[in-house]
Amino acid sequence: MNKIVVGLSGGVDSSAAAAILHHQGYEVVGLTLWLMKGKGQCCSEGMVDAAKICEQLGVPHHIVDSREVFQASIVDFLVEGYSAGITPLPCSQCNKTVKFGPMLKYARQELGIDKIATGHYARITHDTVTGRYQLRRAIDPGKDQSYFLYDLTQDFLAGTEFPLGEITKTETRRIAAEFGLTTADKPESQDLCLVESNGSMRAFLDKYIAPQKGDIVHKDGRVLGQHDGIHHYTIGQRKGLGIAAPEPLYVVELDAARNRVIVGDRLLAVESECYVQQVNWVSVAPPTAPIRAEVQIRYRSHPVPATVIPLESSQEPENTRGTRVKLIFDEPQLSITPGQAAVWYEGDLLLGGGLIEKQAASKAG
């Protein structure tokens, strides 16, 4: 009988994934990572719900205390990023360093099991010609989570199953109800567990970053008002700036060195190109020449056509970390935000992705 470790957060998606695999004849072992204290999935109530699912399915359940690695890899990472004037993307970082890596290690070393599965909405295929595992969008476009998985390595993809990639969220809930899972009607969790646990990203950041008043400055140098911390703002933000102006203004830059929020009109908030670092080529080998692709610069943004230009090649063929690319968009894009991921696709095939670099400090004022 095939054995598989299923990551259980206590939500309906991971619960349904475990039930599907169990029904298919897999010998399922549940695994929950204890990431932080508080409410929400991955916390105390999530662990309780995950344990209930394992009891329902009659499978063992393991809990691994991952709070230290979560604190170092996610909480400290976020605080450092926001303090520096960027808007970090915690989910892709968490998937690789906190979830998939430790889960596969625990499964292989502690349980002697080679495969893990999660409730992510994405698909994995294998190209027999190139020998590479490929990451693809889920069938349900509204739930597709491949954007957050761009940083997974070939080893991770080889050892992972996504049982929900071929079904919709509606079907997931129906399956959970048919199996009588206690989580079948559990409300949808927020994309960011830290937001769910703390109430808002602002509330979370205020626990770690002290208020520091500074100026809100127009790109032309005019001081328009004051802020109480640049970590409360993000590139492209239009609402909640705390200033009055005759025309809509957007955050166009966060100057951490001078503790300033720089704003301007919409034309100043759009860019035709950006640089991307820490690139991971997922489904294809790193190209040596420019390629055309559809690029997604935020989880909820639509992919747009662009040219991806490789700037560096890795010294180690099997390790493409540390490479950079330049993206040139066919049409200027609003809110290209440093710290967020830019992920490029060919149809439903995820080619690669990386983190948008911060631009040089402004000379405004």
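This is a predicted model: local features need pLDDT of at least 70, side-chain atom pairs count only at pLDDT 80 or more; totals for chains, interfaces and linings use all residues.
Student: What makes helix 3 roughly antiparallel to helix 4?

Tutor: Helix 3 (residues 67-83) and helix 4 (residues 90-110) pack at an angle of about 160 degrees, and their axes lie 10 Å apart. Angles over 145 degrees count as roughly antiparallel, so helix 3 is roughly antiparallel to helix 4. The crossing of the two is right-handed.

Student: Which residues make the contact between helix 3 and helix 4?

Tutor: Helix 3 brings V69, F70, S73, I74, F77 and L78, while helix 4 brings P90, Q93, C94, T97 and V98. By type, the residues of this contact divide into 8 nonpolar, 3 polar and no charged.

Student: Why is T87 called buried?

Tutor: The relative accessible area of T87 is 8%, and buried means under 20%, so T87 is buried. You will find T87 in the loop between helix 3 and helix 4. Leaving out residues up to four places away in sequence, T87 touches Y82, Y233, T234, T337, P338, G339 and Q340.

Student: How do you know that the side chains of T87 and T234 make a polar contact?

Tutor: The side chains are joined at 2.7 Å, and the cut-off for such a pair of N or O atoms is within 3.5 Å.

Student: And why does G142 count as partly exposed?

Tutor: G142, in the loop between strand 6 (133-137) and helix 5 (154-158), has 43% relative accessibility. Buried means under 20% and exposed over 50%, with partly exposed in between, so G142 counts as partly exposed.

Terms used:
Residues are numbered from 1 along each chain as its sequence is written. Side-chain values use heavy atoms; hydrogens and water are left out. Axes are lines fitted to C-alpha atoms, for helices over the stretch in contact, and angles run from 0 to 180 degrees between N-to-C directions. Helices (H or I, at least four residues) and strands (E, at least two) are DSSP runs, numbered from the N terminus. Angles under 35 degrees count as roughly parallel, over 145 as roughly antiparallel, 65 to 115 as roughly perpendicular and the rest as oblique. A crossing is left-handed if the near helix is turned anticlockwise from the far one by less than a right angle, and right-handed if clockwise. Contact means heavy atoms within 4.5 Å. Ala, Val, Leu, Ile, Met, Phe, Trp, Tyr, Cys and Pro count as nonpolar, Asp, Glu, Lys and Arg as charged, and the others, Gly among them, as polar. Buried means under 20% relative accessible area, exposed over 50%, partly exposed in between (1.4 Å probe, protein chains only). A polar contact is a pair of N or O atoms within 3.5 Å; within protein, one must be able to donate a hydrogen and the other to accept it, and residues adjacent in sequence count only if both atoms are side-chain atoms.
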